[in-house]
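The sequence and model are shown first.

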Amino acid sequence: MSLNKPKSWKVLLVSLAAAVSFSMLAACSSNNNTSNGAKDNSKAVATYKGGTITETEFDMDTRVMKLLSPQQAQYLEIDAFKESILKQEVAFEYLAGKATDAAKKEAEKEADEQVKAIKTGLGDTYDSTLKQANLTEDDIRSYMLRVLTVYQDMLLKVKDDQVKTEFEKTKGDFTVATLRHVLIGLTDAAGKERTDADALKLAKEVKAKLDGGADFAATAKEYSDDTGSKENGGEIKDKALGGYVEEFKQAAQTLPLNTVSDPVKTTFGYHIIKVESRTETTFDKLTAEQKETIKGSLASQGLESFLEKDLESLDVKINLPKSSAAAGESGTSKGGTEPTTAPSAEAPAATAAPK
């Protein structure tokens with residue numbers, strides 16, 4: 001189990017590509033060709049200033065997304081969600097066409113590496129898995145290439161001073177801490193659901209035991225529902241605090257050292273936390289990987305900004321056929337206009353958050 005913050009459905013398309021690691025637009029709809037070179041005469045399901053996306057192309061992209069992240073498949077049957085994804089497809093196609101040659105060149109290399117990683121991961125089942133999904137390797141690569149072209153273009157636009165500014169805004173995320181916690185989950189170790197009230201009651205009992213002098217490690221082994229840290233006495237060692245969901249992170253950043261917290265509520269249940277050490281990180285101490293992480297976050301913010309502020313200017317028209325699934329039974333919100341938050345492309349965890 002882990003405490004990863006769920007990704008917003010608004011940027012799920014990026015998340016799906018990132019599921020195998022974060023495209024020259026090999027599947028560009030302006031070609032009006034299918035992946036096998038046949039003429040694509042299917043109807044346009046989206047039009048925008050400068051281009052269209054056909055039903056065949058969108059169907060292929062959704063099949064790739066289901067392959068890369070099977071846990072998202074149910075959401076791709078919901079009309080409101082499909083429309084949101086299609087609008088993102090428009091954004092990716094448009095932005096990929098505007099990308100620099102440098103971004104396209106880098107994306108070519110990245111796409112090859114990602115396809116290789118998929119092949120390695122699937123091993124002997126690679127061919128049969130693609131066949132079952134009605135996809136070819138070129139289909140996967142063209143999807144990855146488009147997404148990666150946009151991502152690399154956004155990445156290349158990020159300047160060093162932006163990285164430093166972003167670090168100063170979020171430097172608490174880079175503080176490294178060793179802590180222990182006991183999770184009283186909303187589902188117990190046997191898979192039985194607990195009510196919020198029952199979880200809180202048990203968390204308070206655990207807190208009282210610890211305040212009374214009980215050994216934290218032994219208590220965690222007895223009570224914690226976090227399978228990732230339970231056998232280590234609840235210990236999570238030398239981890240950057242930015243990896244935690246917000247409520248857990250805030251508690252870990254502010255709790256006095258070696259003090260047992262009151263129950264801290266997250267979507268996973270209630271946590272009793274004790275921070276044993278906490279070391280701040282300065283910008284000059286960041287690793288190259290950490291700086292790249294910040295750049296990646298800024299690149300993703302650039303894409304989110306385009307989706308929220310600039311996509312409308314493309315005059316996007318959507319013409320998707322209605323799904324057979326009833327919206328009210330498929331996870332849409334009460335008003336029926338937006339789907340609920342989709343699960344993260346990463347496996348959920350009790351102590352870490354996606355960027």
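## Strand 3 and its partners

Strand 3 and strand 4 (residues 235–240) run antiparallel to each other and are joined by four bridges. The model is a predicted one. Within this pairing, Arg180 lies opposite Glu235 of strand 4.

Strand 3 also pairs with strand 6 (residues 269–279), again in the antiparallel sense, over 10 bridges. Here the bridge partner of Arg180 is Lys274 in strand 6.

## Burial of strand 3

Strand 3 spans residues 176–185, and nine of its 10 residues are buried, so the strand is largely enclosed by the rest of the structure. For this count, buried means under 20% relative accessible area.

## The open sheet 2-1-7

Three strands make up an open sheet with antiparallel pairing, in the order 2-1-7. Its edges are strand 2 (51–54) and strand 7 (317–318); each has a single partner strand, so one side of each lacks a neighbour in the sheet.

Strand 1 (residues 44–48) is joined to strand 7 by two bridges in the antiparallel sense. Ala46 has Ile318 of strand 7 as its bridge partner.

## Helices on the sheet

Helix 2 (residues 55–68) packs on this sheet and touches strand 1 and strand 2; the directions of helix 2 and strand 2 make an angle of about 65°.

Helix 3 (residues 79–98) also packs on the sheet, with contacts to strand 1, strand 2 and strand 7. The direction of helix 3 makes about 50° with that of strand 1.

Terms used. Residues are numbered from 1 along each chain as its sequence is written. This is a predicted model: local features need pLDDT of at least 70, side-chain atom pairs count only at pLDDT 80 or more; totals for chains, interfaces and linings use all residues. Side-chain values use heavy atoms; hydrogens and water are left out. Buried means under 20% relative accessible area, exposed over 50%, partly exposed in between (1.4 Å probe, protein chains only). Two strands pair if DSSP finds at least two bridges between them. Contact means heavy atoms within 4.5 Å. Axes are lines fitted to C-alpha atoms, for helices over the stretch in contact, and angles run from 0 to 180 degrees between N-to-C directions.
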